[in-house]
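The following note comments on a single model, point by point. Please read it alongside the sequence and the coordinates.

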Amino acid sequence: MTLTLILIRHAKSSWDDPFMDDHARVLNDRGRGAAPAIGAWLAAQGHVPDVMLCSDAARTQETAALILPHLTPTPALQLVPALYHASPDMMLNLLRKQTARRIAMIGHNPGIAMFADGMIGKRPAHPRFGDYPTCATCVITFDTADWGNAARHSGSCTAFITPADLPIFRA
């Protein structure tokens, strides 16, 4: 059996108010364009998760809200406070408790980038994988029957994309 993990960094957030609480920051215009572009790409590629685990920060929730309308059937959205600036170990612990076959996580750097890198056996050739820019999305497959057996470096990166790679976003 194959399991799929989709790791999405939140879209570009606003820094208009440098004194705003980090947890409350929302997306800027660029982020509001990038998230739907990634949602459309996920749908077009057939990467539709059953469940979307999302940090409870405003920018991750807004990213999810802009991606979800593109996905059919609509994944169940679960806000997970522990994903706010989560470590790779925290993300792996959350993943191992899941039962759905296709899971998406929306989180923050540096954790989401470190988690993606730690779960795949071979890095993709994409030049931006190392810095995992906003709304970057990595699709990883695992040949295992359940998430409890998903080990570090055992996944295969089947896709990695950034909004800048998408013609719809550049247009």
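1. The buried residues of α4 pack against β1 (2-9), α3 (88-96), β4 (102-107) and β5 (137-143). Helices (H or I, at least four residues) and strands (E, at least two) are DSSP runs, numbered from the N terminus. Contact here means heavy atoms within 4.5 Å.

2. This is a predicted model, in which local features need pLDDT of at least 70 and side-chain atom pairs count only at pLDDT 80 or more, while totals for chains, interfaces and linings use all residues. Residues are numbered from 1 along each chain as its sequence is written, and side-chain values use heavy atoms, with hydrogens and water left out.

3. Helix α4 (residues 111-119) is mostly covered, with seven of its nine residues buried (under 20% relative accessible area; exposed is over 50%, partly exposed in between; 1.4 Å probe, protein chains only). Among them are Ile112, Phe115 and Met119.

4. Eight salt bridges are counted, each a side-chain nitrogen of Lys or Arg within 4 Å of a carboxyl oxygen of Asp or Glu. In one of them, arginine 59 meets aspartate 22 at 3.1 Å, N to O. This pair links distant parts of the chain, 37 residues apart: arginine 59 lies in helix α2 (residues 58-67) and aspartate 22 in the loop between β1 and α1. Arginine 59 is buried at 1% relative accessibility, whereas aspartate 22 is partly exposed at 23%. Asp22, Arg25 and Arg59 are linked in a network of salt bridges.

5. Glutamate 62 forms a salt bridge with arginine 32, the closest N and O atoms being 2.8 Å apart. Glutamate 62 belongs to helix α2 and arginine 32 to helix α1, 30 residues apart.
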